[in-house]
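Subject: Structure handover and notes

Dear colleague,

Please find the structure below, with its sequence.

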Amino acid sequence: MIASLRGAAETGEGELVKDGRLPTERELMEMFGVTRRAVRSALDELQHQGLVFRRQGQGTFIRPTSPNASRVESLANRTSPFEIMEVRREIEPALARLSALRATPSDIEQLKRLAERGGTTGNSQDYERWDSAFHAKIAESARNDLFLGVFQLIQAVRVEQRWTGLRAQIFTADLRDILVVHHLQIVDAIAERDPEKADEAMRDHLLEVSRITGT
């Protein structure tokens with residue numbers, strides 16, 4: 001959880017950031033399957049590092065003027081959904097492979113919960129949030145900080161308007177259900193500690209996303 005929150009705070013971008021703020025404590029508890037104490041400890045650490053500030057009754061906000069945020073915006077303006085998917089197809093199967101080797105039982109339980117929660121969403125915006133959290137949890141479970149940093153950069157670029165708009169145009173309940181099945185297959189492979197199967201399941205999932213979106 002802390003790695004995902006730090007990545008969002010450092011870039012000021014991503015599915016965990018909306019209108020310059022992070023999700024509420026309750027939302028973070030549900031998203032990551034942790035206690036309120038764990039959430040507050042993570043937010044305290046980010047605040048101590050100068051990445052966020054908190055306003056009582058209003059929430060936790062990303063500190064502005066992050067140099068990383070401007071670099072992400074510049075990169076987002078130069079790239080395309082096709083390039084995003086091209087990189088994801090190279091990076092994320094490797095992350096799933098490592099996750100199959102390194103994920104804890106708690107990680108696996110959280111992955112299953114995130115995948116299942118994605119299946120309850122009724123619109124593209126809500127689905128994107130849970131989908132992003134699912135893929136971020138796999139990246140975190142791989143236990144490789146450099147890989148995680150690369151993934152977080154991809155995620156920050158991925159939420160640029162052209163990409164989210166494209167996904168919103170094609171979102172249907174049937175498509176959501178197909179993608180959730182893919183997610184659960186990835187979780188099963190990770191739970192079975194089968195790195196090759198996890199790699200293949202993630203690769204097949206991303207190839208299908210590319211086919212559906214034309215990227």
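Predicted model: local features only at pLDDT ≥ 70, side-chain atom pairs only at ≥ 80, totals over all residues.

Residues are numbered from 1 along each chain as its sequence is written, and side-chain values use heavy atoms, with hydrogens and water left out.

Helix packing

Two packed helices are described by the angle between their axes and the distance between the axes. Helices (H or I, at least four residues) are DSSP runs, numbered from the N terminus. Axes are lines fitted to C-alpha atoms, for helices over the stretch in contact, and angles run from 0 to 180 degrees between N-to-C directions.

Helix α5 (residues 81-102) packs on helix α7 (residues 124-141) with the axes 7 Å apart and an angle of about 60°. That makes α5 oblique to α7; angles under 35 degrees count as roughly parallel, over 145 as roughly antiparallel, 65 to 115 as roughly perpendicular and the rest as oblique. The α5 and α7 crossing is left-handed, a term used if the near helix is turned anticlockwise from the far one by less than a right angle, with right-handed used if clockwise. On the α5 side the contact is made by R88, E92, L95, A96, S99 and R102, and on the α7 side by H135, I138, A139 and S141. Contact means heavy atoms within 4.5 Å. By type, the residues of this contact of α5 with α7 are 4 nonpolar, 3 polar and 3 charged. Ala, Val, Leu, Ile, Met, Phe, Trp, Tyr, Cys and Pro count here as nonpolar, Asp, Glu, Lys and Arg as charged, and the others, Gly among them, as polar.

Helix α7 also meets α8. Their axes come within 10 Å and cross at roughly 165°, and α7 and α8 are therefore roughly antiparallel to each other. The crossing of α7 and α8 is right-handed. From α7, the residues E128, D131, S132, H135, A136, A139 and E140 meet L148, F151, Q155 and R158 of α8. This contact of α7 with α8 divides into 4 nonpolar, 3 polar and 4 charged residues. H135 and A139 are listed in the contact with α5 and again in the contact with α8.

Helix α8 (residues 145-158) packs with helix α1 (residues 2-11) at an angle of about 55°, the axes being 10 Å apart. That makes α1 oblique to α8, and the crossing is right-handed. Here A3, S4, G7 and T11 of α1 meet L148, Q152 and A156 of α8. The residues of the contact of α1 with α8 are 3 nonpolar, 4 polar and no charged.

Helix α11

Helix α11 (residues 195-213) has 19 residues and reaches 27 Å from its first C-alpha to its last, close to the 27 Å expected at 1.5 Å a residue. The expected span is 1.5 Å times one less than the number of residues. Its buried residues are P195, A198, D199, A201, M202, H205, L206, V209, S210 and T213, where buried means under 20% relative accessible area, exposed over 50% and partly exposed in between (1.4 Å probe, protein chains only). An α-helix has 3.6 residues a turn, so residues three or four places apart point the same way.

The C-alpha atoms of D204 and H135 are separated by 14 Å, at 69 residues apart along the chain. Those of L207 and A100, 107 residues apart along the chain, are separated by 20 Å.

Single residues

H183 lies in helix α10 (residues 173-191) and is buried, with a relative accessible area of 2%. Neighbours within four places in sequence aside, H183 is in contact with A115, Y127, D131, F134, H135 and H205.

Most residues other than glycine have a negative phi, and most peptide bonds are trans. R143, in the loop between α7 and α8, has a positive phi near 60° and is partly exposed at 41% relative accessible area. R193, in the loop between α10 and α11, also has a positive phi near 60°, and its relative accessible area of 37% makes R193 partly exposed.

Regards

Terms used: Helix = DSSP H or I, 4+ residues; strand = E, 2+ residues; numbered from the N terminus.
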